[in-house]
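Subject: Structure for your review

Dear colleague,

Please find the structure below, followed by an account of what was found in it. I would be grateful if you read the two side by side.

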Amino acid sequence: MGTAGLTIALAGNPNSGKTTIFNNITGARQHVGNYPGVTVERREGARNFQGQNLVIVDLPGTYSLTAYSLDEIVARNFIVEEKPDIIVNVLDAGNLERNLYLAVQLLELERPVALALNMVDTADKLGFKIDDKKLGQKLGVPIVRTVGNRNEGTDALLAAAVNAASVQQQPIRVDYGDDVEQKIALLTQELETVEDLKYPKRWLAVKLLENDSAVNENVAALQGGTKLLLSAEQARSALKTLCGDDAETVIADRRYRFVGEVFRDAVVKDDGAENFSDKVDKVLTNRVLGLPIFLVLMWLLFNFVFTVGAYPQEWIENGVGLLGKFVGSHMADGDLKSLIVDGIIGGVGGVITFLPNIVLLFLGISILEDSGYMARAAFVMDRVMRFAGLHGKSFIPMLMGFGCAVPAIMGTRTLENPRDRMVTIFVIPLMSCGARLPVYTLLISAFFAPDVAGTVLFSLYVLGIVLAVIVAFIIRGSMLKGDSEPFVMELPPYHMPALRSVLMHMWERAVLYLKKAGTIILAVSIIVWFLTSYPSEVDFTKDYEGLTAAADTAFTETVDQKVFAPLAAELLVAENAEEQSALESLTAEVDDVYAEFEEQTAELKAGSAELAALTTSKDEKLKQLETDNEKLYPLVAAFMDEKDKIKGVSEQIAALDTQFEEESEELEEGSAEFLALETEKDAKLTELEAENQKLFPLAVQYHELQSEHNEQIAQLEQQQASEKIAGSYAGRLGKMIEPVIAPLGFDWKIGIALITGFAAKEVVVSTLGTIYSIGEADETSAALKATLLADPTFSPLVAYALMAFVLIYVPCLTAMAVIKRETNSWKWTGFVVVYTTALAWIVSFIIYHGGQALGF
Amino acid sequence: MEKTLRYLKNGETGIISRVNGHGPVKRRIIDMGVVPGTSVTMVKCAPLGDPLEIKVKGFNLSLRKNEAALIELI
C-alpha cells in the first residue's frame, strides 16, 4: 500500500472482543459510515504506531465467509477488493475451534494475517491451556496473546501486524481430504486459463464446490465462466455420490475436521467444572424464573430511565425556560422575536428536554448488550416473538423503539432474513417512542385524575404492543410470507461490559437523536411558526382594539367609582365649598401629571436617559403645584399615597393567590396537603388585613375588579389570537382536513397539530401551544392545560382518542428517511405511511365511538 | 425413527451422525460447529418451551426445536 500508511482489517467472530480491541487501538479516533450501496455499518479508525499511520477497518463480525449473509459478503469483498495490508483476526481463546474455522477461511483469501488470541484470561479460568507458539507455527502466522478488556497485548499485536505486512507468509493450507482436494485441483487448473481473476484461485475453486451463489454470479460474468460453472457442477455431483452428502456440507465438515486436529494439537483442557456463565444462566434462563426475571429487568430498566432521568430533565426544562425568558426580555417585540422564542426555543427545547431519558435508555440497553444478557432475552422471548410473526432478535430493536425509532430501525440489521427484518421495521413505529411522551403528559395531566394517570399511560404503551403483534401477524401471513431466519444463535459467556464500549454505544445512538433535533425539528419548528403566523393581516370579526380600549375605560371608571370615591370622600375634605372645588381641580391636575407620565414612559426601559428626564420633569411639575397650593396639596398627596397603598395591598393579595395556585396545582382538592396550603394562605391574608385594617376592604375590592378586568382582556386576546390562527395557512390546512378527522371527535385545531406531528412528534405540543396562543408552551404549561380543558371540543374521551392517534400514525420524518434507507424502497416506506395513518384513524374511530357508546 | 437433537434430554450428551436440511439453515448449523462426529450436550429448554440451548465445541448455542430436529445423532 505504499509508504503513506498501512490498512489493517479487523476480522473475527461476534463476541470475540474484536470491537474492544478496535477501540483499544483507535481510541476516540474513529468514525462510522456505510459500505457503499449496502446497509452494513463500516467502522474505521486511525492510529499512529511506531511512526506509521495506520488505518483500521473493523469488519462485521462473522462466523464464516459464506454468501448467505450481507455481513459475510461485505467482509470478504473488503478483503479481496480493497486488499488491506494485514488482516488481524481476533480469536476468542475460550472458543478456539469455532474461531479457527473462520481463521482458516481468512487465510484462504491469501492476504497477510496476524492472529490475536483474545480473552486469554477467561480461557484460563475455563481450564484451557493453549500453546500459542505451536498454534502460530502450525498455522504459519504470527499470534499474540491479548486481553482486550484490560488493554493488554495491544501494542504487541500492532507490532506483529505491522511486521506481517512486510514479511512473506507461508500460511497453512487446509487439507480437505483426498477426494475433495482432487476436485479443487481440477478447478484450480481450469481457473489458470481465465484472465482478470480478482480472487485467489484456490479460494474460488473451493467456493465453486460449495456452490457459493455470489461466486457463481461473478464467474458467470467472466470469459469462460459458463464452462467453469459446468465443471463445478459436475464436480459437486461426483462428490455427492462419493461422500453421501452435498459438497458444501462435506467441505464445511472437512474444514472443521482439519481445524479440530490443529486445535487438539495445541490445546489441552481440564474437564468439567461448570463455568461462571452456566451457573448464572441456571437462574436467568431458568424454566420457572427466566420469564419473571426478564420482566423484572425490563421494568427496572424503564424505571431507571424515567425516575433517574427526571432530575436532569427538570434542569434542562428550567434552563430552556430561562433562556426563553432571557431572550424574550431582551428582544424587541416582533416577528423575529416570536420566531426565536416561540418557534425555535419552544420547538427544539421540547426535544432536548427528553434527551436524558433517551440517553439513559440507550445506556441501559448497551449494558445489557455488552454483558451478554440480550442474547438471553432473545432466547427467552423467541417463542412469543414467533407467535407474533417476529423473531427473537427483533426484540432488542423493538425495545430501542421505546426510546427512539431511528436507532431502533437501524438496529434491525442484526436480522439477516429480509422478511423478518422488514416486519420488524414495520412494527417498530408502534412502540411508543420518547417523542410522543410530551403529548401524553400534557393530555393526561389535563384530562385525567392523578391516580389513574399511570394506568392511562401504561394502557397506551400496551395498545402499541398489542397492535404491533396483530400487524406483524397479518403482514407475515400475507405480504411477507416465507421462511423465517434460523434462530441458530450463540449465547456468549457473560462478562463485565467495558465502560468505554458501553458509553460509546450509548453515545452513538444519543447523537443520532440529537442530530434529529438539530436539523429536522428545528426546520419543522420554523415552518410551523411560519404557517401559524402568516398571513398576519386577518379580517377579524370583532373590533378587538376598540373592545379592549372600552374594557380599559370601563375598568378605570368602575375603580374610580367604587374604590377611590369613598376614599376621596374621606380624605379630600376641604373647609368650605370654594376650597372643595379648588381641591377637586387640583386633584384632577395632579392626576393628569401622573397619567401623562404613565403614557409617555410606558414603552421606556428602566434606567434610560429618557426616563430619567421625564421623571425629573414630572417631579418639577408636582413641585410647582405644591408651591402654588400650599394648603391643599398635602391632602392630595395623602390621597395619592393611599391609592398607591391600596394597589400595593391588592398586589400582595394577588401574589398570595398565585402562589397558592402554583403550589396546589398537583394536589387533590380536599387532601391534607391541599387544606394545609389553604389554611396557610388564609392566615397570611388575615395577617395582611391586620396590617392594613383601614384600607383592606378597599384593596380587596380593587383586587376583584382587577381580576375581572384581566380575565376580560385575556379572553379578548385569546379570541383574537384564535381568529388569527384560523386565518393563517396552518388554520386553512386544518380546516381542509377537518372533515376527515371530525368523525374522530377532532377539530381543525387538532388537525393542525397532527399535520405538524407528521414531521416530528416532538413538535405537537408546542404547536398546540401556538394554536391556543400560549407562547412557549410545553407539556407542563398550566395555561395550556387550562385552555384545553376549556375548549368544548376536548374531553377525556377525545384526549384518549387523540393520544391513540398520535401513538399509531405515521412515524416522524427522520424515521421515515431511515426506513427508506434501510429497506431501500419507496414502495415499502410509502406502505408504512399509509398503513400507520389508516390504522390510527380506525383505532381512534373505534375508541371515540365505542367510548361514547359506553357512556364516557 | 432416528434419534435427533430435538429429543435429547437435559444433561444428556449425543454424537452427531448427520445434519439434514438445506440452504442457509443447514449451513449456519454447520458453521457453528455442529458437524458429524461432534458431541453435543442438551443444556435446557427456554422458559416458554422453545428454543433449546445446547453445548457444542465448548460454547452455548441456542436453536429452535424444528432446527434441532434436523440434526441426527448416533
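Which strands of chain A does helix 5 (residues 132-139) of chain A lie across? Helix 5 of chain A lies across strand 6 (113-118) and strand 8 of chain A, and runs at about 160° to strand 8 of chain A.

Some conventions come before the rest. This is a predicted model, in which local features need pLDDT of at least 70 and side-chain atom pairs count only at pLDDT 80 or more, while totals for chains, interfaces and linings use all residues. Residues are numbered from 1 along each chain as its sequence is written, and chains are lettered from A and ligands numbered from 1 in the order in which they are written. Helices (H or I, at least four residues) and strands (E, at least two) are DSSP runs, numbered from the N terminus. Angles run from 0 to 180 degrees between N-to-C directions, with axes being lines fitted to C-alpha atoms, for helices over the stretch in contact.

The sheet of chain A

Seven strands of chain A form an open sheet in the order 2-3-4-1-5-6-8, with mixed pairing; two strands pair if DSSP finds at least two bridges between them. At the edges stand strand 2 (30-34) and strand 8 (143-145) of chain A, each with a single partner strand, so one side of each has no neighbour in the sheet. From one strand to the next, the twist averages 25°. Strand 2 of chain A runs antiparallel to strand 3 (residues 41-49) of chain A, and five bridges join them. Within this pair, A:Val32 has A:Arg43 as its bridge partner. Helix 6 (residues 154-166) of chain A packs on the sheet and touches strands including strand 1 (6-12), strand 4 (52-58) and strand 5 (86-92) of chain A. The direction of helix 6 of chain A makes about 165° with that of strand 6 of chain A.

Helices and domains of chain A

Helix 1 (residues 18-26) of chain A is largely enclosed by the rest of the structure, because nine of its nine residues are buried. A residue is buried if 20 or more other C-beta atoms, placed from the backbone, lie within 10 Å of its own. Among the buried residues of helix 1 of chain A are A:Lys18, A:Phe22 and A:Ile25. A:Gly27, with a positive phi near 60°, follows this helix.

Helix 19 (residues 418-427) and helix 21 (residues 450-477) of chain A pack at an angle of about 145°, with their axes 10 Å apart. The contact (C-beta atoms, placed from the backbone, within 7 Å) involves A:Val423, A:Phe426 and A:Val427 of helix 19 of chain A, and residues of helix 21 of chain A that include A:Ala468 and A:Arg476.

The domain assignment, automatic or from a database, divides chain A into domain 1 (6-166), domain 2 (178-273), domain 3 (290-438 + 448-481), domain 4 (531-540 + 719-853) and domain 5 (544-716). Between the C-alpha centres of domain 3 and domain 5 of chain A the distance is 53 Å.

Where the two chains meet

In the interface, 28 residues of chain A are in contact with 31 residues of chain B. Among the elements of chain A that each supply at least two residues to this side are helix 3 (96-107), helix 13 (290-330) and strand 10 (489-491).

An open sheet of six strands has the order 10(A)-4(B)-3(B)-2(B)-1(B)-5(B), with antiparallel pairing. Its edge strands, each pairing on one side only, are strand 10 of chain A and strand 5 (71-73) of chain B. Strand 10 of chain A and strand 4 (residues 59-63) of chain B are joined by three bridges, and A:Met489 stands opposite B:Ser62.

B:Met32 lies in the loop between helix 1 (23-31) and strand 2 of chain B. B:Met32 is buried, with 21 other C-beta atoms within 10 Å. Neighbours within four places in sequence aside, B:Met32 is in contact with A:Tyr63, A:Arg98, A:Val488 and B:Leu61.

Yours sincerely

Key:
Contact = placed C-beta atoms within 7 Å. Buried ≥ 20, exposed ≤ 12 C-beta atoms within 10 Å, placed from the backbone.
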